[in-house]
Amino acid sequence: MRRQLRSRRAPAFPYGYRYRLDDQDEVNQNYLADEEEEAEEEARVMVVHDLEEEEEEEEKEEEEEEEEEGQGQPTSNALWQKLQIVNEHLWDPEKRMSLARTGQSWRVMIRPFAHSLNFNFNVSEPDTWQHYVISLNGFLQGYNDSLQEEMNVDCPPGQYFIQDGNEDEDKKACQFKRSFLKNCSGLEDPTFGYSTGQPCILLKMNRIVGFRPELGDPVKVSCKVQRGDENDIRSINYYPESASFDLRYYPYYGKLTHVNYTSPLVAMHFTDVVKNQAVPVQCQLKGKGIINDVINDRFVGRVIFTLNIET
Amino acid sequence: ARRGTGTEDVGKTDTGDGKEKYRGLKDKRLELKKNHQKEELKKEVDLEDHKLSIKELERKYGTNIVTGLSSTQAAELLARNGPNALTPPKETPEIVKFPQADGAILCWIAYGIQYFNDKSSSLDSVYLGCVLALVVILTGIFAYYQEAKSTNIMASFSKMIPQQALVIRDSEKKTVPAEQLVVGDIVEIKGGDKIPADIRLLSTQGCKVDNSSLTGNLTPSLRTHDNPLEAENPWNKMSTSPVGTATGMVINTGDRTIIGQIASLASGVGHEKTPIAIEIEHFVHIVAGVAVSIGILFFIIAVSMKYYVLDSIIFLIGIIVANVPEGLLATVTVTLSLTAKRMAKKNCLVKNLEAVETLGSTSIICSDKTGTLTQNRMTVAHLWFDNQIFVADTSEDHSIFDQSSGTWASLSKIITLCNRAEFRPGQESVPIMKKVVVGDASETALLKFSEVILGDVMEIRKRNRKVAEIPFNSTNKFQLSIHETDDPSDKRFLMVMKGAPERVLEKCSTIMVNGQEQPLDDSTAEAFHTAYMELGGLGERVLGFCHLYLPADKFPETYSFDVDTVNFPTSNLCFVGLLSMIDPPRSTVPDAVTKCRSAGIKVIMVTGDHPITAKAIAKSVGIISANSETVEDIAKRLNIPVEQVSKRDAKAAVVTGMELKDMSPEQLDELLTDYSEIVFARTSPQQKLIIVEGCQRQDAVVAVTGDGVNDSPALKKADIGIAMGIAGSDAAKNAADMVLLDDNFASIVTGVEEGRLIFDNLKKTIAYTLTKNIAELCPFLIYIIAGLPLPIGTITILFIDLGTDIIPSIALAYEKAESDIMNRKPRHKKKDRLVNAPLAIYSYLHIGLMQALGAFVVYFTVYAQEGFRPSALINLRVEWEKDSVNDLEDSYGQEWTQYQRKYLEWTGYTAFFVGIMIQQIADLIIRKTRRNSIFQQGLFRNKVIWVGIASQIIIALILSYGLGSVSALNFTMLRPQYWFVAVPHAILIWVYDEVRKLFIRLYPGSWWDKNMYY
């Protein structure tokens, strides 16, 4: 009874404040986006202050509800269950938010894994790039089309894939097929372009439980030369072609219930890069409210790496 | 014709003491031939210049007493012998050892290596190095500050040198700086001058010298030629000449003067380490032992677990920093100086901070008599006339004895007239007892006594004009004067005499009883002797008084008395009475001695006085208690020879300097252990050193009081030297660790009380400080073994040690005593340690581990709430610390960049820090008491504790919310709820400790009590 009442609400945002949505389909995106921007600037302390106010509110609500339905069900049992949930999922069912939160903005990371983010290889010497191929292949095993079709659902693009229900219920995951990456999928070119001096680099956003990319506006990826001649990179192909992370992959419910979740990827195919010199590349996330210029953490909304392709 | 005032004077009675001291000094020197410096002193005093005639002197020193040295001669001598100044002792600069210094250097080296490996490596090691260096510098400044405050004997010795001296050179009187005096110079001394060097007197005019800073004897005495050893004509540097003028020849300058020898002797006696310094050292050994052994153990573990050696070194630093209570030195010093201030208010001026505690552990006090136990003023105590002893108490109503007797009328007249002491003019408003008197101690006493009883003495003397006088001298042992009477009809002269009773009695043929002269027969002589013995037995100085009316026919008004030819009778006088004087004990002393005794402190009296006087005073102040007897007393009571008395029966002993001289160290040890009440009489100040050494051989902590320059070696040798603030010489004050501003023995007792309290409170402070070491250490150990992300950083630890914990540990110094600390034995130097096994075990393993657990709960809570469940943290370290991993997955599938992890790690540091801080509040509260419940002690009696708690919280708040953005400090803004996670643990600690105390109170002496009471 109570859970049903609750389930009408949208899941709370994990960073301390919550939007009450009467109907999740009628999201007033602009309104929320504005709020988000404001909230970004708020200090944590303030956020917690909001929380406390809310807590009081909830408590009152709870009391009323319990009076209504409370016959026969021992309260201690319910409390115990609640505690179990809190303990296991770090999920506060009262506030409908995760207690575990890594941050308020997206971090990005790239594949293949390269120590200190320098991609140095010689096209004519497979030994110098073979480990990138192996790394990418390994990373993409979970994205194989067959596996994705078997495990995950094909959900409608362009909107959040919001799943209500108990916190401990398993959540469905949206398909992200390897084939989406076209030339960078490794299906047609098993060397991911490394053999031709046109390397593919995959970019993913670090997972954050409950967090959603810019509320209805997909986040785009854009790369350019970080320092030096703009023309060092003459063309980049992005896969999927939109160069964005579709909304249907969000929010993430955490690995305990969102078991088969596969992070969406954007592949960058550097098809024409100046050879035989180090080219610093910066790939940034672009979108409303996206932060990509933090100095301390060089992975907030951007990633900087070097390409040094020798022929 | 009468001799002019001047070269002879009364007061020989007092020089007796001085001579004895000198004699003792010499004896002592002979004994200690092996000691090089003392040997020198011996040589020095054996100078023979006083025996030489002026001609011989001139020859010896190549000078002329009229023209003096020539300037060139003087310059030559000055160049050869150096200036007339004491050389300051060579100061060996202490190289302060800083274990942290190595840490700082290691950190920078570590950074250097890291930098070469990877240019982008973090600056953490540099920050750590800087902080450690800062700690080193602060500790260094602190140590230097303390050093600077410590005493320097020489500084004050040199201050004592007079700036100028009047010297005859080239037949002219010149004023030269005293430093330029050379041997052979002829100097003139005026009243009030300090003697600039050791001089040999050539001529004097009414000049007396106060040699007190040498002999400890306060009575100015004239230096005459009669005793070779006492060298009456050489005057010693640093003595002052209160009256008259004199001319003398310089015979010794600079370090070769007697005072220079004593100064070098004093500085030669090594200052013993104070008990608290020993305790702190012991504590440092324990802590260093724990730190180094754990550090090396984990270094080995880390290396064998394939950590890089560089990382292992940083672990080692972390472990050592966690273990070293960096703030303790400051805490102890501040604690001690707080107590020192408190003691200063109670008239104990503590010069050496560590001495504050030493007084508390004192088990033997070697006390002076004069001035410390007594009031240092002679007072008339008893009178004997008409075959009766009367008590004279001038402090109360003086009508206690019968004043109607005619004998009293005569006696009072003799007392008044046969006295040369006078009140210094211009103090009419001052009460009689406080008036300043020109004259020696006995005459002063008599003057004040008669002033109180008879009224204006000066007026009486004026009415009875003095016509002739023979002053006191040591050969005659009497003083005589002849007066006109105030009765105009009586034309006879009155001759009055006072002096040593037996001498006075010899001169008498009659005795006055009830105003009537009676022939002196055997029975009256017997009565006289009984009274004399009785008064003498009380330790009082007895004087006899007699008079004679010279018949007017033989001695008409115009008769000219000649004291040189003695053209008047000095026998067949009429004996009038006896009077005895004593330096009465201070009223507070008996109580203080009782307190010492109940506090288990042995009080030994060491005095230069006569044994009988010493014993009498000892009895009256309780140093020899009422029911204890000496061997001699027992022998007398049982009427058996002294040899037959079993020594076990006697509790008390009176030992003279002569006996002491013949004792071997073993015999002295035996004496000190066998008797609980000991009085040393007729001792030289040097013998004090032997006594102190003897006491120290018994493992006792010895306090010594003293005032003379000669006391300074003993004062230095003692564990705590106590100088008298009023009577003490500067040298004594400098050699001492403590100065009693009111010269009052009772002040020592309050000092003991404070000292004991500070020991207890230091114990509490150290227990408090040690506790958190485990909570700081465990994170490193678990980090190395279980591979968790580091729970607390080194810099954060320093912020606990030097930040939040400082004021609370000082606050414990304000804690009141738990029970009557003056009712327990002094702590045993070697058994009752400041840091004992129960303290270390209880702090480290009980409360410390609980605290570590509580802090880990906070740490795990923070990590879990952020997404890393404890199980996920195990062995996460390698991945966690890899800079290249920027999508580390947590327990919920979220991914973390390196910076996010670092930030979380700092949040973890802050959380761990807050966890420790909250529990340290509980720790602080439980440390208020060791045995009693907190509620018995009162939670709010010590307000400073609450200041401490407030400071802890405020500093933590500032660090987290104020400095949370400074990345070098590794603090972050912690969510408010994390501050409360450790509260239940804090309460648990409190309850646990209350239970511990409850069992200690319920089962005293049990296993629990022995192992849980620290």
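1. In this predicted model, 22 residues of chain B are in contact with 30 residues of chain A, where contact means heavy atoms within 4.5 Å. The size of an interface is often given as the accessible area lost when the parts come together. Between chain B and chain A that buried area is about 2,500 Å², with carbon and sulfur atoms giving 48% of it; the figure is the accessible area (1.4 Å probe) that the two parts lose on being put together, summed over both. On the side of chain B, the residues that lose the most area to chain A are B:Tyr892, B:Gln894 and B:Glu895, which together account for 25% of what that side buries.

2. A word on conventions: residues are numbered from 1 along each chain as its sequence is written, and chains are lettered from A and ligands numbered from 1 in the order in which they are written. Because the model is predicted, local features need pLDDT of at least 70 and side-chain atom pairs count only at pLDDT 80 or more, while totals for chains, interfaces and linings use all residues; side-chain values use heavy atoms, with hydrogens and water left out.

3. Which kinds of polar pairing are found across the interface of chain B and chain A? The rule finds six salt bridges there, a salt bridge being a side-chain nitrogen of Lys or Arg within 4 Å of a carboxyl oxygen of Asp or Glu. The side chains of B:Glu895 and A:Lys204 meet in a salt bridge at 2.9 Å, N to O.

4. Helix H30 (837–866), strand E27 (895–896) and helix H33 (898–926) of chain B each supply at least two residues of the side that touches chain A, and H30(B) gives the most, with three residues. Helices (H or I, at least four residues) and strands (E, at least two) are DSSP runs, numbered from the N terminus. Sorted by class, the side of chain B that touches chain A has five nonpolar, ten polar and seven charged residues; Ala, Val, Leu, Ile, Met, Phe, Trp, Tyr, Cys and Pro count as nonpolar, Asp, Glu, Lys and Arg as charged, and the others, Gly among them, as polar.

5. Chain B has 37 helices and 27 strands, and 57% of its 1014 residues count as buried, while chain A has six helices and eleven strands, with buried residues making up 52% of its 311 residues. Buried means under 20% relative accessible area, exposed over 50%, and partly exposed in between (1.4 Å probe, protein chains only). Among contacts between residues at least 6 apart in sequence, 73% in chain B join residues at least 24 apart, and in chain A the share is 76%.

6. A:Ser263 is found in the loop between strand E8 (244–245) and strand E9 (265–273) of chain A, and A:Ser263 counts as buried because its relative accessibility is 3%. Not counting residues up to four places away in sequence, A:Ser263 touches A:Tyr143 and A:Arg207, and its side chain makes a polar contact with the side chain of A:Arg207 at 3.0 Å.

7. Some backbone values deserve a check, since most residues other than glycine have a negative phi, and most peptide bonds are trans. In chain A, the peptide bond from A:Arg111 to A:Pro112 is cis, with omega near 5°, and the bond from A:Tyr239 to A:Pro240 is also cis, with omega near -10°. In chain B, B:Lys306 has a positive phi of about 70° and lies in the loop between helix H10 (275–304) and helix H11 (309–323); B:Lys306 counts as exposed because its relative accessibility is 76%. B:Asp386 has a positive phi near 50°, but B:Asp386 counts as buried, at 13% relative accessibility.

How values were computed: Polar contact = N/O pair within 3.5 Å; in protein donor to acceptor, adjacent residues only side chain to side chain.
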